[in-house]
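Dear colleague,

I am handing over the structure below, and after it I have written down what was found. Please read the notes with the model open beside you.

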Amino acid sequence: MSTNGRPIPELSDADLRRFWAKVQLPDPDTGCMLWTAAKTSAGYGAFRLGGVLYRAHRISFTLAYGEIPQGMVLDHICRNRACVAPEHLEVVSQRENVLRGEGLTAQNSARTHCPQGHEYTAENTYHAPPNKWHPNGQRVCRACDRERCRNRRRAKRIAKNITTAA
């Protein structure tokens, strides 16, 4: 078994008993199987095998379904990082996992309109799909970008007229 390139050693019967002893039975309301032992600072269950620390949900998934494909990660579809229920875990790309989350990247990606109210469409976004992002990595509204350019040119003309009149 392996987890993202790092092999998980075969679990002995004693390892399996030790692992499952740290799991709370499924919650009747959510179905989550909560890890009750050590957790990482991010709230994921931590289990030591052969002196190496593994995330408990990755072991649980691997035991139930086999290896996690190389370059893929597990998403807790229940949104509970301490859950090790294999059916609450889905194999996704890192990008998909981030966009499904609640962080700033996911929040910005979910926005359908710019701060001035213009819709983010293929025609009104900096580049046409699939390259809809500004070179600096941000999504840019074309309508707002045009207005910024107009204001910049207007300010330059005014500054030029002031210096030539003086």
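Leaving aside its neighbours within four places in sequence, which residues is H76 in contact with? Taking contact to mean heavy atoms within 4.5 Å, they are Y44, H57, R81, C83, H88 and L89.

Before going further, please note that this is a predicted model, in which local features need pLDDT of at least 70 and side-chain atom pairs count only at pLDDT 80 or more, while totals for chains, interfaces and linings use all residues. Residues are numbered from 1 along each chain as its sequence is written, and side-chain values use heavy atoms, with hydrogens and water left out.

H76 counts as buried because its relative accessibility is 5%, where buried means under 20% relative accessible area, exposed over 50% and partly exposed in between, with a 1.4 Å probe and protein chains only. A polar atom of the H76 side chain also lies 3.0 Å from the backbone oxygen of C83.

G31, by comparison, is placed in the loop between α1 (13-20) and β3 (46-49), helices being DSSP runs of H or I with at least four residues. G31 counts as partly exposed, because its relative accessibility is 21%. Although G31 and A85 are 54 residues apart in sequence, they are 7.7 Å apart in space, C-alpha to C-alpha. Leaving aside neighbours within four places in sequence, G31 is in contact with P26, A85, E87 and H88.

Methods
Polar contact = N/O pair within 3.5 Å; in protein donor to acceptor, adjacent residues only side chain to side chain. Helix = DSSP H or I, 4+ residues; strand = E, 2+ residues; numbered from the N terminus.
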